[in-house]
Every structure is written in structure tokens, then in C-alpha cells.
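Here's a quick briefing to read alongside the sequence and the 3D view. Have a look at the fold, then work through the notes below.

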Amino acid sequence: MARETRSAGIMGDLQRLSVTMDANKEDLPQMEPFRLKLTGIVTQAFEAAKQQAAHKVGKQESSKQLRKLLTEGNRIADVVRTAVKDHFGPRDEKVAEFGVQPFRGRKAKPATDQPAPTPPPAATPPPVPHPPAPAGSAATVKSDQ
């Protein structure tokens with residue numbers, strides 16, 4: 001029989017062995033210390049599994065609460081930033097301290113005094129050579145000799 005490698009499988013295997021040892025404790029009196037130790041380990045393992053499950057549920061609840069708080073915090077932060085921008089004005093550099101990009105105007109386009117260059121005249125494409133006629137076509141001449 002192959003050994004189990006997953007935690008749940010190992011716990012099931014240990015529990016079955018512990019129950020079997022309990023059922024046969026009269027036949028194996030020399031194994032009594034090991035039976036007691038195994039029973040204690042199985043009990044502790046199941047308690048640890050219960051705690052792990054409780055922590056998992058608690059972690060899910062905490063994650064849910066954290067997501068809710070972060071969403072609410074982002075909403076409030078948007079309100080605060082909008083109010084700060086309204087208070088100081090959108091161009092004031094002070095709003096940068098609150099994570100708001102101050103309006104600094106648009107970048108001026110470079111002034112060009114020269115007219116745009118005209119493209120060179122289009123060159124005529126070279127002539128396309130015609131492919132030779134395939135053998136056995138109507139272009140071949142039949143000779144009578």
C-alpha cells in the first residue's frame with residue numbers, strides 16, 4: 001500500500017492506525033506506549049486542523065473587511081483631493097503634497113517660421129518585364145518536314 005502524502009490523507013491514515021491499535025491493545029501489550037503516543041498525536045492533529053480551518057475563515061473575513069475599507073478609503077481620498085484642489089486652486093504647487101498633479105498648462109508647440117518641406121516628385125516605377133510563355137502553348141510553331 002502506497003503512503004499518503006497529503007495532510008488530510010496522512011491524518012486519515014494515522015486515525016485508522018490508532019483505531020486499529022486500540023482494537024488490538026490486548027494482543028500487543030508491548031506497543032502500549034506507542035499506541036498512547038499515537039492517540040495523542042492524532043488528537044492534537046485534529047485540533048490543529050480545526051484551528052487552521054477557523055483561521056482560514058477568519059482570514060477570509062479579514063480580507064473581505066480589508067477590501068471594503070480600502071474601497072471606502074479610496075472614495076474618501078478622492079473627495080479630500082478634490083476639496084484640496086478646490087481650496088488651493090488647480091495651479092497651486094501645494095496640491096502636489098496631497099498626491100494631486102497641479103495644472104501647469106499645456107506644453108507650447110515649437111514655432112516654425114519655415115513652411116513645411118514639400119515632398120519630392122514621385123518617381124515613375126520601372127517597367128515590369130513579362131514572363132516567358134510556357135512550353136506547349138499556342139505560341140509554339142509546328143513544322144512540317
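What should the 17 residues of helix H1 (residues 7-23) span at 1.5 Å a residue, and how far apart are its end C-alpha atoms? The expected span, 1.5 Å times one less than the number of residues, comes to 24 Å, and the end C-alpha atoms are 24 Å apart, so the two agree.

This is a predicted model, where local features need pLDDT of at least 70, side-chain atom pairs count only at pLDDT 80 or more, and totals for chains, interfaces and linings use all residues. Residues are numbered from 1 along each chain as its sequence is written, and side-chain values use heavy atoms, with hydrogens and water left out.

**The chain overall**
- The protein chain has two helices and zero strands, going by DSSP runs numbered from the N terminus (helices H or I, at least four residues; strands E, at least two).
- The chain exposes about 13,700 Å², with carbon and sulfur atoms supplying 59% of it (Shrake-Rupley method, 1.4 Å probe).
- Take the contacts (heavy atoms within 4.5 Å) between residues at least 6 apart in sequence: 20% of them join residues at least 24 apart.

**Helix H1 and its partner**
- Gly9, Met11, Gly12, Ser18 and Met21 are the buried residues of H1.
- Those buried residues pack against helix H2 (32-88).

**Around Val80**
- Val80 sits in helix H2 and is partly exposed, at a relative accessible area of 41%.
- Val80 and Phe98 are 18 residues apart in sequence, and 8.7 Å separates them in space, C-alpha to C-alpha.

Methods: Buried < 20%, exposed > 50% of the residue type's maximum accessible area, 1.4 Å probe, protein only.
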